[in-house]
Amino acid sequence: MKALSGTLLALLLASGCSSSDTDSSAPPADGGTGSPEGAASTEAETSKLGGCILTTPIGDVPDDLYMESDVTATDAYPPFDKSLSVYGITLIARNEATDDFMRLVATAIKEIFPRDESLDLETQAEILRNLYRYNTTIPVPVGRDMEFVEENEAAWDQTTNHNTVCDIIMEGVNGQVMEVVEHILHFVSDVGLHYTFPDDWGISQTSTLAQAMDRAVELGYYDVGGYDDIDEPEVRHRVEIQEFAYWVISTAWNLQEAYGPQNEEEWTISDSADLEAKMPELYAMYERTVGRAMRAPSAATLAAIGPTQAEEGE
């Protein structure tokens with residue numbers, strides 16, 4: 001969905017981060033497991049794919065991939081004041097953001113990666129390792145006010161240069177549930193899935209996801225016209241493909257009918273059965289990758305985050 005958050009962040013990141021000219025759709029040559037965590041030059045740290053995705057694994061991977069913290073004051077992510085880390089994703093916010101909202105977002109992340117023996121937990125673990133390796137970091141502003149970024153440009157650049165910051169999660173907006181789910185999935189697809197399944201979910205021109213996106217555009221299922229205002233082709237492609245990944249996963253999870261926007265023109269596939277019928281090869285790819293490693297957040301957590309679209313309209 002063309003939200004203010006995604007477009008604004010794309011433009012901010014395009015102007016503030018250097019782009020990588022190399023193909024970063026594949027993991028490091030050693031599969032990522034042998035890379036010296038935390039060791040990289042300044043040039044490597046600021047080399048980005050699509051304007052925001054770190055191309056060198058500079059983050060520390062802990063022995064316990066399911067580590068989580070509570071909200072903690074920090075000066076490590078200026079101009080933000082506090083952070084919460086969960087399963088390889090760090091949420092960062094200014095003091096006006098509520099701790100309870102950050103904790104709800106963290107709960108949704110944990111439920112997307114349940115330690116359920118019916119899942120492929122080794123694949124899930126590799127997704128989490130990649131979230132750690134590439135310093136996956138989500139700003140959590142209150143509402144749509146991002147003036148603090150322009151007022152603290154040097155501090156913002158310091159944080160975005162050394163972390164993967166591709167979007168934001170806004171607190172206190174309409175459509176709160178999908179604001180949370182969508183932007184968690186942007187980071188999971190841009191980093192975790194991109195590096196774990198480069199042939200299928202890679203931010204490239206040739207991945208299964210990219211080719212399916214092109215077909216969906218041709219067939220009228222996905223309208224990318226809303227992203228024409230992003231001038232840099234590499235950034236625009238990354239935004240288009242991360243949005244497509246969100247539509248695919250959330251539709252496969254059957255979340256759109258209850259929580260998605262009404263009368264949506266960008267995406268016209270309604271639910272899991274419709275997705276399987278209209279794009280069977282894409283659905284099969286989803287099933288053998290995301291479907292065996294991730295789950296939708298629980299109904300209880302979604303209800304705690306916000307109302308359904310029907311309830312919101314009351």
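Biologist: Which residue stands opposite S85 in β6?

Modeller: This is a predicted model, in which local features need pLDDT of at least 70 and side-chain atom pairs count only at pLDDT 80 or more, while totals for chains, interfaces and linings use all residues. Residues are numbered from 1 along each chain as its sequence is written, and side-chain values use heavy atoms, with hydrogens and water left out. In β6, the residue opposite S85 is T90.

Biologist: How many bridges pair β5 with β6?

Modeller: Strands are DSSP runs of E with at least two residues, numbered from the N terminus. Two strands pair if DSSP finds at least two bridges between them. β5 and β6 run antiparallel, and their bridges number five.

Biologist: Which residue in the turn between β5 and β6 has a positive phi?

Modeller: β5 and β6 form a hairpin, with two residues between the strands. A positive phi of about 55° belongs to Y87.

Biologist: In which sense do β6 and β7 run, parallel or antiparallel?

Modeller: Four bridges join β6 to β7. Within this pairing, I92 has P139 of β7 as its bridge partner. The two strands run parallel.

Biologist: Is S272 buried or exposed?

Modeller: S272 belongs to α12, a helix of residues 272-278, where a helix is a DSSP run of H or I with at least four residues. Its relative accessible area is 11%. S272 is therefore buried.

Biologist: With which side chain does the side chain of S272 make a polar contact?

Modeller: A polar contact is a pair of N or O atoms within 3.5 Å; within protein, one must be able to donate a hydrogen and the other to accept it, and residues adjacent in sequence count only if both atoms are side-chain atoms. Leaving aside residues up to four places away in sequence, S272 touches T251, A252, N254 and Y283, where contact means heavy atoms within 4.5 Å. The polar contact, at 3.1 Å, is with Y283.

Biologist: What share of the residues in the protein chain is buried?

Modeller: The protein chain has 15 helices and seven strands. Of its 314 residues, the buried share is 58%.

Conventions
Buried means under 20% relative accessible area, exposed over 50%, partly exposed in between (1.4 Å probe, protein chains only).
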